Each structure stands twice: as C-alpha cells, then as structure tokens.
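Thanks for coming. I will go through one structure, and you can follow along on the screen.

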Amino acid sequence: MKKGNDHGKHKYGMVINIDKCTGCGTCMVACAAENNVAVRADQSDKERTITWMRLYKISNGKEFPHTEVSYFPRPCMHCDHHPPCVSVCVATATKLDFNTGIVSQIYTRCIGCRYCQAACPYGARYFNWWDAFPQDKGMDRYLTPEVSPRMRGVVEKCTFCHHRLMRAKTLAYTEDRRELEEGEYVTACTEACPAQAITFGDLSNPEHKVSKLIKHPFTFRLLERIGTEPKVYYHSSRDWVRKLGDNFLPGEYTPVVNQSWAEEEWSTKPGRDEF
Amino acid sequence: MTPFSFEWQWNIEYIIFFGLLYIALGIIGVGITFTVIKTGLQALGFMRERHF
Amino acid sequence: MDSPLLPHGVKRCSTWAFFFWTLPWLALLAWGGLSAFLCLWKGLNQTNMSNVFAFALWIVFDLAVIALGAGAFFTGFLTYIIGKKELKNIISTAVIIGFICYSGAMAMLGIDIGQPIRGWFIFWHANIHSMLVEVSFCITCYLMVLAIEFIPIILENRKLEEIKELRIFGHNLHEIMAVFAATGTFLSFFHQGSLGGMFGVMYARPFAAREGFYIWPWTFFLFVLSAIACGPCFTILCTKLTEFFTRKKLVPDSAIQLLAKISAWLISLYMVLKIADYLGWMYGVVPRAGLTFESFFREGPYGVYLVVCEMIFCGILPAIILMVPKARQNQGWLIIACLLNCIGIVLNRFLFIIVTLAIPVMPFDRFWGYLPTWQEWGIGLAVVGYGFLLFSAAYRYLPIFPKERELNPITE
C-alpha cells in the first residue's frame, strides 16, 4: 500500500461536549461492541472490568437545590509527544504513531507487566485478568472481524478505532483519493452518541471541526498541568466542570466567563454555538 | 516479533545501553572461560596448582 | 546419617532434627507451589490485583527483597574491592542471602507478568528508554554473578572438595572473585537505582514523580543508597537469627560492628538526602500538579503515619542507635536498629508502589484500598520458605562461617 498512500501527518483527536452528554452510556456500549471487548457474566467488579470508554459521574459538590450532576466520558487520551505509557513499556508493545497521533497497543508483543497501567494517570489501560470469550456458546459470532480479540494477560486500551481508519484509507485508495474527508473516519463512540456530544477529526487540519473547537475558551483537557498533552479535549460552559478537569491550588483556577450556565445555555444570541 | 526480527537502531542510547551490557556479560564470560581453562590445565597437570 | 557431608570440626544437629526443621518451610513452598499453579492455570484473577493496583504485593516483595539482598553486592564490594579483611567472615552468608533474594524475586516475577512465556521479550524487544528494562537486564546478569559467587561456596562441601577438578575449579573461581564482585557492584548499582527510577519517571503520577539529574530522577540515587544502607543490616539480622537457632556464635564481632557502623553512616546520609528529596517534592512537583501534601492522605487507608514511620521510627531512630557505639555494641539495640532499618526500607518501597496507585490523579476519581489474596501471600511467603530451606542447607553442609570452629571449639 506504499505507492500513492497518504503519507501526510495527521493528529487525530476528539472534543467531547460535556454539556451535551446525557450520561446514557451508548458510547461505552458501542465501543465495547465495536472493539470486541471481553465481558464477563458478572461485571460488578468495577476494578477489573474492561471499559475502553468509561463514563464518570461528576457533581459540583453542592447541596440540594444547587446540586448539579454531569457525566464525563473518558476514552484513552492518546497523549502526544511523550505519553507516560509509551516510554515505560518494557517490550515496545505500545507506540505513538507520529503520522496519526494514535497510541497503539500490540497485543501479541505485550508481556503483561502492567507498568503502563501504573504510569497512566487516566486509568485508560485495562488488563485482561481473565481469558476473554468462552469458546463455546457461540459468543464469537458477534465479534467484529477487523479487531483482534485479546488473550489473557495482556493490556488493552482505546485505539481511536484504528481499524476504521484502515477501512477509510482502503476505501479512499480504491477511489483513487489520497486524503480522507472529515467524517470518513470517526470512532464508534463518536458515531453512536445520540446527543452528538463527541466530535472526532484531525486536530492539525484547520478545516476540521475539532481544530476549531479546541480554540474555544470553554475547551479544556484533563490533567493538563501534568504535561501529558492529551488529544482528547472537553468542552463545557460550566466552571465547576472545567475545574474538575485538573487539580488546582486555592486561587489558581481562573473562571473563563463570568456567566452562569443556565444563562449561557438558554441564550438566544445568534452564533452562540460558534466561535 | 519473531526471533529473527532483531531490533537495533544506530543511535547513541542503544550503543551505550547494549555496549555496557555486553561489556558486563563479556567480563563474566571471559572470567568463567578463563577459570574453566585454567582448571582444566591444572587438573590435567599442565599447570601448577597455587595453594593458599 | 548425612555425617560424611557435614563440614569438618563442627557440630550439627541430627538428620531427623534437621528434617523436622525443614517441614514448615516445605509447607510454605507447597502453598507457594499451589498458588503459582493456580495463577498460571487460571490467570491473574486469582489475585486481588486490579486495573487500579497493577502493582501489588508481589512487586512490593520483589523490591523489598532486592533492597534487602543488596548486602551481597555491597559486602562483596567492601571485601574484594575496598579490601576489608574482617568481612571475609561474613561474605559467604551475604552471597547466599543475595542469591536467595534475587532468585526468589525472579521466580515471583515469572508469575507476576500476564504472559510468563513471553518474558524473554524484555530482552529481545527491549525498550531501552524504560527503567524496567534496565532493571530486568541488570537483575538477570547479577543473578548470574551471584550464582558464580555461590559456586565456590558449594564446592567447599567436604565431599565435593575430594573431587580434584571441583576443588581446583572452586579455588580458581575464588582467586578471581574480585572481578565478579566488581561486575556485580556495577550491575547492582544500576538495577537498584533503576528500581527507584521506575517510579520517579512516572511524571503523570505526582505522588511518585521526581525531578532529577539528566534522565535519572532523584529516586534512582535514593534507592541505591537505601539499599546499601539496609543490605548489611539484613545480613546482620540473618546472621543473628542463625546464631539464635544454632545456639552458637558464628561471626566475630569485628565483622558485625564494621557492617553496622557503615550502615549507620549510610542511613544517616540517606535520611538527610531523603528529607531534602521530600521537601523538594513537596514544594516543587506537588504544587506544580496543583496538589498539596495533605491531599495525598486525605482519604483512604494509607495515611501520613506511613511517612512518619518511614522517616522517624524506621529512619532517624535506627540511624541514631547505630551511630552510638555503646548502643551498636549492645546486641538487643543492634538487632532492634537493624530491624527498624529494614522495615523502613520496605515501607519506602510500599509507599512508592501501593500508595502511588491508591491515590487518584483525576480530581473525580476515588481513593482505593487493597488486600492480597491467599494465593498472593502463598507466593510471597514461598520465597521466605525457600530462603530458610536454602540457607539451612547451606549452613548444615557448607563451611559458610569461616570462624565457626574458632568461636566454638569442640571439647572432646
């Protein structure tokens, strides 16, 4: 596929609008279904279930009637330049692809030492504590053919649905195109979200929606101060949500806009959604 | 991934890391070889034994 | 029954007594064997490790025994490179303890990784930027060195010494032991350091992250220093334990006191640097991440008391005891100080491993607690059983204490 392949540099990333997220969990289910994530009969042990996309419930911590609750989807951040997990992997089983910005995981290379799990602050990496699918009972019939199921004892994580990128590139190649259009390659969670809270695209392409959204003052990243440089951005007009995106010492957090969420949300000013 | 895919890069970090490792392994290997040969020669009588 | 195998001129208990002595340790090994089988057959779900506690009891044990086993390389360095002749009376003990610690640690690691058969990937597909690769390489090579240092001790067995070739081989190995001791020192420096570096480089975990010198975080140097500070203490403790069970004096005081004095200076230096490191971290790394020292201990089972124990009761206190000659020469205080010192180093490793993982980094994440399962204890304690067995066999059949006959003349 070398000849005529798209060798351009892309930086695939995501912007998740927390204000639109309803906490329905469709992204979690779509991700698990698309990526052949192993499920057990009893998933109540939340310390060991595998959830590449995971929904956290956040609250502003105030008492009724001022309580506000929101939901925070957290995929793998696909940290840039120096991901904490890539530099510590013993067997070079995880790599940052500089052409796509995706942090990949090679399951057949992973020895399961779990150093990457210890290094990741987002808890985005999951270890296969059990063997995946029971071989009988026909559970293999719903597997996605493009995604390899993982064996016991290896680490896995969100891949930004890399197989969909391969699918889109193959399609483009057959149509004699070199560049992918926006929307041709989106992750399963992006596609599945009923509120369209997730926007996925090329952060380094100025025409893609994500590259515009990340410039909005309401957009922030999770744990930005630590220096992981995630490619997953979050967007919220609510101060308390943005404050939960990182750790701040007293007085360090500066509110972006001094308006209440309700005022902003129900505002009928034209161009409210755009920047 | 297979044993035949030997990963090597010509950069200073690789050279220092594996250089030091092979030096350490080399010292161990040479030491053992030297001892084995010396033992063999002494056992067969070609060399005198040194007693403490 | 096994009297032809016993060393010359020393008394050993009867074979039956020895057999009964080995039973509890064999039981521990059996428990460990069953646990290992279960973990290899059914998977690591047999443990209480989770996606939060990716590192748990076994890694704590590994790091602890490797730190405690540092007495082997350090005593070897002092004996063969620096030339401290008194330590020749304790070097064999130190080497055997080191061998037990490192071989036990390697065995535990074989069970700990998710795909043990792929363990060789660390060597073949090494990521040289990873501290754990550095650790693995150096530990494996150092285990080789320890085995080489152990062989001449084994060959000093009465029956084996009768075989001319083995006797000559043992003597020749002993002659060039300085070369292996030097290589061992080099390898040990790097893996003890890299074990610390492993945690210091995790820049996304503010509790463990440290600044440093070039690619080495300060934890690299602190871990080496703490290992050489507690290694000799552990050697002293094992010697004292052996003397307790065998009811005889085995090592002259000059060797013990020298190790204790060196340990005292090293712990003191370590404490000064560790306090500086804590301060630098508390006023550097921590506020830069938007956190405070108290925020790490706000909830959860792991409180500030661990740091207090590590630094004061198990750090400054043993340093003072060992520094004062009168206290150091008192058997009771010496043992207490050595014990506290070793506990302090184990606490330090525990803090870096378990507490780092228990503390959430994301503001909306929670604190976690962890308790090991019986399978995890089984494998951890099997190393203890293995250690007792191997050391007992070595004491029984090999002349590991050169001054034993002199200190315990057998009056016929």
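A:Thr92 counts as partly exposed, because 19 C-beta neighbours fall inside 10 Å. For that scale, a residue is buried with 20 or more other C-beta atoms within 10 Å of its own, exposed with 12 or fewer, and partly exposed in between, with C-beta atoms placed from the backbone. A:Thr92 sits in the loop between helix 2 and strand 4 (94–96) of chain A. Its phi is positive, near 45°, in a residue other than glycine. Helices (H or I, at least four residues) and strands (E, at least two) are DSSP runs, numbered from the N terminus.

Before going on, some conventions. This is a predicted model, in which local features need pLDDT of at least 70 and side-chain atom pairs count only at pLDDT 80 or more, while totals for chains, interfaces and linings use all residues. Residues are numbered from 1 along each chain as its sequence is written, and chains are lettered from A and ligands numbered from 1 in the order in which they are written.

Now chain A as a whole. Chain A has 8 helices and 10 strands, and 43% of its 275 residues count as buried. Two residues are in contact if their C-beta atoms, placed from the backbone, lie within 7 Å. Of the contacts in chain A with a separation of 6 or more, 64% are between residues 24 or more positions apart.

Which residues of helix 1 of chain A are buried? In this helix, residues 26–34, they are A:Cys27, A:Cys31 and A:Glu34. They cover an arc of only 70° around the axis, so they lie on the same side of helix 1 of chain A. The arc is that of the directions from the helix axis to the C-beta atoms. As background, an α-helix has 3.6 residues a turn, so residues three or four places apart point the same way. The buried residues of helix 1 of chain A pack against strand 3 (69–74), helix 5 (188–192) and strand 8 (198–202) of chain A. After the helix comes A:Asn36, with a positive phi near 55°.

One more loop in chain A. A:Phe64 and A:Pro65 are joined by a cis peptide bond, with omega about 5°. A:Pro65 is in the loop between strand 2 and strand 3 of chain A.

Next, the contacts between chains. On the chain A side, 45 residues are in contact with 39 residues of chain C. Strand 2 (54–59), helix 2 (84–88), helix 3 (115–119) and strand 6 (125–127) of chain A are the elements that give two or more residues to that side. The largest share, 4 residues, comes from helix 3 of chain A. By class, the chain A side has 27 nonpolar, 9 polar and 9 charged residues. Here Ala, Val, Leu, Ile, Met, Phe, Trp, Tyr, Cys and Pro count as nonpolar, Asp, Glu, Lys and Arg as charged, and the others, Gly among them, as polar.

Between chains B and C, the contact takes 18 residues from chain B and 20 residues from chain C. The chain B side divides into 10 nonpolar, 4 polar and 4 charged.

How do the helices of these two chains pack? Helix 1 (residues 12–43) of chain B and helix 6 (residues 131–154) of chain C pack at an angle of about 15°, with axes 11 Å apart. That makes the two helices roughly parallel. Axes are lines fitted to C-alpha atoms, for helices over the stretch in contact, and angles run from 0 to 180 degrees between N-to-C directions. Angles under 35 degrees count as roughly parallel, over 145 as roughly antiparallel, 65 to 115 as roughly perpendicular and the rest as oblique. The crossing of helix 1 of chain B and helix 6 of chain C is left-handed, meaning that the near helix is turned anticlockwise from the far one by less than a right angle; clockwise would be right-handed. B:Leu21, B:Ala24, B:Leu25, B:Ile28 and B:Ile32 meet C:Phe137, C:Cys141, C:Met144, C:Val145 and C:Ile148 there.

Last, a loop in chain C. C:Arg247 lies between helix 10 (218–246) and helix 11 (253–288) of chain C. Its phi is positive, about 55°, although it is not a glycine. Is C:Arg247 buried or exposed? C:Arg247 is exposed, with 8 other C-beta atoms within 10 Å.
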